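Please find below a short note for a colleague who wants to go through this entry residue by residue. The sequence and coordinates come first.

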Amino acid sequence: MIILLTAWPCRAQNAGLFRPDEGRIHITSDKMVIKSNENSAEFIGSAHAVQGKTEIKSDRLKIFYKSEEGAQPGQSGMNESSIRRMEAEGSVVIHTDEQTATSQKAVYTADDGLLTLTGERVEIKNNGNTIVGRKVTLQRETGEIVISSDAGKRVEAVFESESDADNQDKTETSKARKP
């Protein structure tokens with residue numbers, strides 16, 4: 001349980017979803033709309049962003065970036081250290097190392113290190129462990145994770161024990177050996 005609850009904030013403490021020290025960010029989509037006057041770029045249709053071991057997939061991904069000091073409106077460049085806010089919408093999947101989160105919407109703000117996942121079913125998986133709710137908030141600075149649900153619905157957590165993992169490995173091995 002502790003591994004699942006601490007893995008995401010540790011990742012976030014380093015600088016959020018995308019980190020300047022992990023190289024370039026590669027984003028693909030069906031369409032891209034740049035709004036220079038808003039310092040934003042929106043990737044529409046099967047958006048897929050990758051940097052190192054971090055991957056985000058969604059229907060839409062909008063990135064708001066900081067304007068460079070002294071630059072005129074619309075003359076800023078976007079890079080991983082200039083990202084101030086990211087919004088992913090529609091079938092969002094965030095995968096980092098061994099963790100996977102799914103939601104309908106994800107919003108990350110760089111200034112406060114806050115990642116908020118929302119939707120009908122927000123799910124975080126890590127090594128067989130699962131947490132489900134309607135809203136998950138991960139706070140980079142404090143390492144706090146808050147999972148909540150709406151009235152009438154409950155937060156659900158399933159933690160796999162070591163013996164469960166060993167038994168599952170043995171079952172999968174024995175199934176693989178059968179002709």
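The numbered points below concern a predicted model.

1. Nonpolar core. The largest nonpolar core comprises 24 residues, and L61 and L117 have the most contacts inside it. At least two residues each come from β3 (40–51), β4 (54–65), β5, β6 (99–109), β7 (114–126) and β8 (129–139). Strand β5 gives the most, namely five residues.

2. Surroundings of L117. Setting aside residues up to four places away in sequence, L117 touches I94, A101, S103, K105, A106, V122, R134, K135, V136 and L138. One of these, A106, is also the bridge partner of L117, which sits in β7.

3. Pairing of β5 with β6. These two strands pair in the antiparallel sense over 10 bridges. Within this pairing, M86 stands opposite Y108 of β6. The hairpin has two residues between the strands, and D97 takes a positive phi near 45° there.

4. Pairing of β6 with β7. Nine bridges join β6 to β7, and the two strands run antiparallel. Their hairpin has four residues between the strands; here G113 is the residue with a positive phi, near 65°.

5. Residue S91. This serine is placed in strand β5, which spans residues 83–96. Its relative accessibility is 46%, so S91 counts as partly exposed. Which residues does S91 touch, not counting those up to four places away in sequence? They are K57, S58, D59, S103 and Q104. For D59, 32 residues apart from S91 along the chain, the C-alpha separation is 6.3 Å.

6. Residue E87. Strand β5 also holds E87. Is E87 buried or exposed? E87 counts as buried because its relative accessibility is 17%, and the limit for buried is under 20%. The side chain of E87 makes a polar contact with the side chain of R85 at 2.7 Å. Leaving aside neighbours within four places in sequence, E87 is in contact with R60, L61, K62, F64, A106 and V107.

7. Salt bridge E42–R60. The structure holds nine salt bridges. In one of them the side chains of E42 and R60 meet, with an N to O distance of 2.9 Å. Since E42 lies in strand β3 and R60 in strand β4, the pair ties together parts that are 18 residues apart in sequence. E42 counts as buried at 13% relative accessibility, whereas R60 is partly exposed with a relative accessible area of 35%. R60 is also among the contacts of E87.

8. Salt bridge K57–E55. The closest N and O atoms of K57 and E55 are 3.9 Å apart, and the cut-off for a salt bridge is 4 Å. Both partners are partly exposed: K57 has a relative accessible area of 41%, and E55 has a relative accessibility of 23%. K57 is also one of the residues that S91 touches.

9. Salt bridge R134–D150. The side chains of R134 and D150 meet at 3.0 Å, N to O. This pair links distant parts of the chain, 16 residues apart: R134 belongs to strand β8, and D150 to the loop between β9 (145–148) and β10 (156–158). D150 is partly exposed, with a relative accessible area of 38%. A network of salt bridges links E120, R134, D150 and K153. R134 is also among the residues that L117 touches.

Notes: Residues are numbered from 1 along each chain as its sequence is written. This is a predicted model: local features need pLDDT of at least 70, side-chain atom pairs count only at pLDDT 80 or more; totals for chains, interfaces and linings use all residues. Side-chain values use heavy atoms; hydrogens and water are left out. Buried means under 20% relative accessible area, exposed over 50%, partly exposed in between (1.4 Å probe, protein chains only). Contact means heavy atoms within 4.5 Å. A nonpolar core is a set of buried Ala, Val, Leu, Ile, Met, Phe, Trp, Tyr and Cys residues joined through side-chain atoms within 4.5 Å. Two strands pair if DSSP finds at least two bridges between them. A polar contact is a pair of N or O atoms within 3.5 Å; within protein, one must be able to donate a hydrogen and the other to accept it, and residues adjacent in sequence count only if both atoms are side-chain atoms.
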